[in-house]
Each structure stands twice: as structure tokens, then as C-alpha cells.
Amino acid sequence: MNWVSVCKVGQVSEDSPFSVKVEDKELGVFKVEENFFAIEDICPHAYALLTQGFVEGRTVECPLHEAIFDIPTGKLESGPGCRNLNTYAVRVDGDDIQLQLA
Ligand code: FES
């Protein structure tokens with residue numbers, strides 16, 4: 001399985017996740033404490049980008065109808081999010097953040 005570089009470490013902060021499109025998937029790269037995580041960026045409930053939502057600790061709140069997801073696991077915590085989010089493996093290679101899609 002291939003690792004794909006999607007952004008630089010400095011482009012992601014706890015307050016400011018990074019939105020990226022890779023192989024037709026819209027993904028969000030989030031930083032929680034000192035770790036990076038990648039989840040689907042599009043809320044499963046309707047079309048809203050979770051990278052434009054509200055990050056609090058290890059959760060993100062959808063900006064449209066306020067579903068709350070756990071970032072590291074993708075688990076739907078509350079609200080009308082419909083299902084858990086897909087998560088993707090992340091690694092840091094030098095200054096690059098890389099994702100594994102398969
Ligand atoms: S679009 Fe995210 S909760 Fe409705």
C-alpha cells in the first residue's frame with residue numbers, strides 16, 4: 001500500500017485542520033495533542049466539510065447540524081451524523097504528512 005504526501009506538518013494545527021482531496025476522496029487532516037489523524041472531510045449527514053467545523057479537544061463538531069465526531073476513531077458521538085467516519089492511517093515523514101488510503 002502506498003503512502004501519499006498530502007501536506008506539511010506546519011500546515012496543520014489543533015485549531016486549523018487541513019482539507020485535501022486525494023484520489024477523489026475529500027479528507028481532513030487533524031492534529032490532536034501532538035498526533036495527526038485523517039478522517040473523511042464530508043459529513044455523512046449532508047454536505048458540510050468537517051475541517052470547517054469546530055474542534056474541541058479530540059472532537060470535531062459539524063458546522064451544519066452539529067453532529068460531533070471523535071477525531072482519532074471517527075466515532076459519531078452525538079447528533080445526526082448517521083454513521084462513524086472512515087479513518088485513514090497517517091505517518092510523518094520528515095516534514096511531510098502522509099496518508100495511506102487503502
Ligand atoms: S451535515 Fe453534518 S450534521 Fe448535518
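**View 1. The span of residues 4-99 in the predicted model.** The end C-alpha atoms of residues 4-99 lie 5 Å apart, and the span is 0% helix and 49% strand. Helices (H or I, at least four residues) and strands (E, at least two) are DSSP runs, numbered from the N terminus. The UniProt record, an unreviewed entry, places the feature "domain: Rieske" at residues 4-99; its positions are given in the numbering used here, feature names are shortened, and annotations may be inferred rather than shown by experiment. The model is predicted: local features need pLDDT of at least 70, side-chain atom pairs count only at pLDDT 80 or more, and totals for chains, interfaces and linings use all residues. Residues are numbered from 1 along each chain as its sequence is written, and side-chain values use heavy atoms, with hydrogens and water left out.

**View 2. The open sheet.** Six strands form an open sheet in the order β1-β10-β9-β4-β3-β2, with antiparallel pairing; two strands pair if DSSP finds at least two bridges between them. β1 and β2 are the edge strands, each pairing on one side only. Within the sheet, β4 and β9 (residues 87-93) are joined antiparallel over two bridges, and Ala 38 has Tyr 88 in β9 as its bridge partner.

**View 3. The β2-β3 hairpin.** β2 and β3 run antiparallel and are joined by five bridges. Two residues lie between the strands of this hairpin, and Glu 23 in the turn has a positive phi of about 50 degrees. In a regular strand the side chains alternate between the two faces of the sheet. β2 has a covered face of Phe 18, Val 20 and Val 22, and an uncovered face of Ser 19 and Lys 21.

View 4. Val 29 lies in strand β3, and Phe 18 stands opposite Val 29. Val 29 counts as buried because its relative accessibility is 0%, buried meaning under 20% relative accessible area (1.4 Å probe, protein chains only). Residues in contact with Val 29 (heavy atoms within 4.5 Å), beyond four places in sequence, include Val 6, Val 12, Phe 36 and Ile 97.

**View 5. The largest nonpolar core.** This core has 14 residues, and those with the most contacts inside it are Val 6, Val 12, Val 20, Leu 27, Val 29 and Ile 97. A nonpolar core is a set of buried Ala, Val, Leu, Ile, Met, Phe, Trp, Tyr and Cys residues joined through side-chain atoms within 4.5 Å. Apart from it lies another core, of 13 residues, among them Ile 39, Leu 50, Ala 67 and Leu 85.

Note on methods: Buried means under 20% relative accessible area, exposed over 50%, partly exposed in between (1.4 Å probe, protein chains only).
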